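Here are my notes on the fold, for your review. Please read them with the model open.

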Amino acid sequence: MKKTTNTLLWVIDVISTLIFCAMCTTSAYLLILFFYHLFDSEGAKDWMMGKDISQLFNLNNVHFGILFSLTLAISLMKALAFYFTIKIFSTLNLVKPFSPEIATLISRISYMILAVGTLGIIAFRFSEIPAMKGMELSALQGLWHDNYVYLLMGSIIFVIAQVFKKGLELQAENDLTI
């Protein structure tokens, strides 16, 4: 194997680890901030990384709770997708890349990314309800503007997972013929 390939894989592994840590930090931040807002409604002015939705928190706690839950779920699923990516690098064998573990991890990544896109669409549509009542939530809605990209990316990764599963079958069949 070329040295540049190993270096590139190492760089991607390090970047994935850093993104995973950032996503875990974001999820923890959201969770701590939510519990803080339960005791201090004025704190809702800085709820989502500078996004002021204090009107929503003061008017309807249910909408606030649902939007928070969707946002936290999206953040956790992104972190989980990067965790699975890190696991791929720890189990990857480039001599025999088609292993059941890799195929399963790629499938899980595709499911997580498809779920991120789906929940993002749900969150965006749900945030339109208070926006129709006159609340200014465009800054918050900006968090979910790329939902369709996640659906497309998840679909592509799902196809790659299916190719890996077929490669695994061909590899097993090839091992039996030799």
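1. Start with Asn147. Asn147 sits in helix α6. Helices are DSSP runs of H or I with at least four residues, strands are E runs of at least two, and both are numbered from the N terminus. Asn147 counts as buried because its relative accessibility is 5%. Buried means under 20% relative accessible area, exposed over 50%, and partly exposed in between (1.4 Å probe, protein chains only). Which residues is Asn147 in contact with, leaving aside neighbours within four places in sequence? They are Gly117, Gly120, Ile121 and Phe124. Contact means heavy atoms within 4.5 Å.

2. Ground rules. This is a predicted model, where local features need pLDDT of at least 70, side-chain atom pairs count only at pLDDT 80 or more, and totals for chains, interfaces and linings use all residues. Residues are numbered from 1 along each chain as its sequence is written, and side-chain values use heavy atoms, with hydrogens and water left out.

3. Helix α6. The 31 residues of α6 should span 45 Å at 1.5 Å a residue, and the end C-alpha atoms are 45 Å apart, so the two agree. The expected span is 1.5 Å times one less than the number of residues.

4. Helix α1. This helix covers residues 3–39. Its 37 residues should span 54 Å; the end C-alpha atoms are 55 Å apart, which agrees. Its buried residues are Ser16, Met23, Ser27, Leu30, Leu33, Phe34 and His37.

5. A nonpolar core is a set of buried Ala, Val, Leu, Ile, Met, Phe, Trp, Tyr and Cys residues joined through side-chain atoms within 4.5 Å. The largest has 19 residues, and Ile88, Ile106, Ile109 and Ile113 touch the most other members. Helices α3 (61–91), α4 (100–132) and α6 (147–177) each supply at least two of its residues. The most come from α4, with 10 residues. Not counting residues up to four places away in sequence, Ile88 touches Ile102, Leu105, Ile106 and Ile109.

6. Second core. A separate core holds 5 residues, including Leu30, Phe64, Phe68 and Leu72.

7. Whole chain. How many helices and strands are there? The chain has 6 helices and 0 strands. Of its 178 residues, 35% are buried. Among contacts between residues at least 6 apart in sequence, 69% join residues at least 24 apart.
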